[in-house]
Amino acid sequence: QVQLVESGGGLVQAGGSLRLSCAASGRTFSTYAMGWFRQAPGKEREFVARIKWSAGSTYYADFVKGRFTMSRDYAKNMVYLQMNSLQPEDTAVYYCAAQISGSVKYDYWGQGTQVTVSS
């Protein structure tokens with residue numbers, strides 16, 4: 001089992017920045033990759049960013065490239081999502097997820113943190 005706890009959400013004006021954090025605990029040694037997803041009201045959950053746990057390589061959805069940066073602190077079992085130039089359409093609940101080695105899907109999810117961007 002891997003437990004994930006997100007933090008750092010809040011209310012910000014358009015053009016502002018937020019940094020989300022995700023603390024991982026439990027069997028983190030089995031983690032292959034971590035991801036950030038988001039779900040806006042009335043919409044399906046969508047992929048935001050991904051990082052390979054060991055290598056640190058990242059991949060982003062097109063709509064966040066150049067604005068969001070995902071990183072990880074391997075020693076602290078933390079992942080982060082630095083979000084700059086936020087826009088009202090970025091308003092959503094943001095979720096952290098973990099994919100374990102050998103899995104083809106994200107196996108564990110956090111409870112989510114709300115990000116609201118006002119215009």
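Which residue is the bridge partner of Val5 in β3? In this predicted model, where local features require pLDDT of at least 70 and side-chain atom pairs pLDDT 80 or more, while totals for chains, interfaces and linings use all residues, the partner is Ala23. Residues are numbered from 1 along each chain as its sequence is written, and side-chain values use heavy atoms, with hydrogens and water left out.

Strands are DSSP runs (E, at least two residues) numbered from the N terminus, and two strands pair if DSSP finds at least two bridges between them. β1 pairs with β3 (residues 18–26) in the antiparallel sense over six bridges. Both belong to an open, antiparallel sheet of four strands in the order β1-β3-β8-β7. Its edge strands, β1 (2–7) and β7 (68–73), each pair on one side only.

The structure holds one disulfide, defined as a pair of cysteine sulfur atoms within 2.5 Å. Cys22 is joined to Cys96 with an S to S distance of 2.1 Å. Cys22 lies in strand β3 and Cys96 in strand β9, 74 residues apart. The link is left-handed, with -80° about the S-S bond. Both cysteines are buried (under 20% relative accessible area, 1.4 Å probe, protein chains only).

A nonpolar core is a set of buried Ala, Val, Leu, Ile, Met, Phe, Trp, Tyr and Cys residues joined through side-chain atoms within 4.5 Å. The largest has 30 residues, of which Met34, Trp36, Leu81 and Tyr94 touch the most other members. Elements giving two or more residues to this core include β4 (31–39), β5 (46–52) and β9 (92–100).

Key. Buried means under 20% relative accessible area, exposed over 50%, partly exposed in between (1.4 Å probe, protein chains only).
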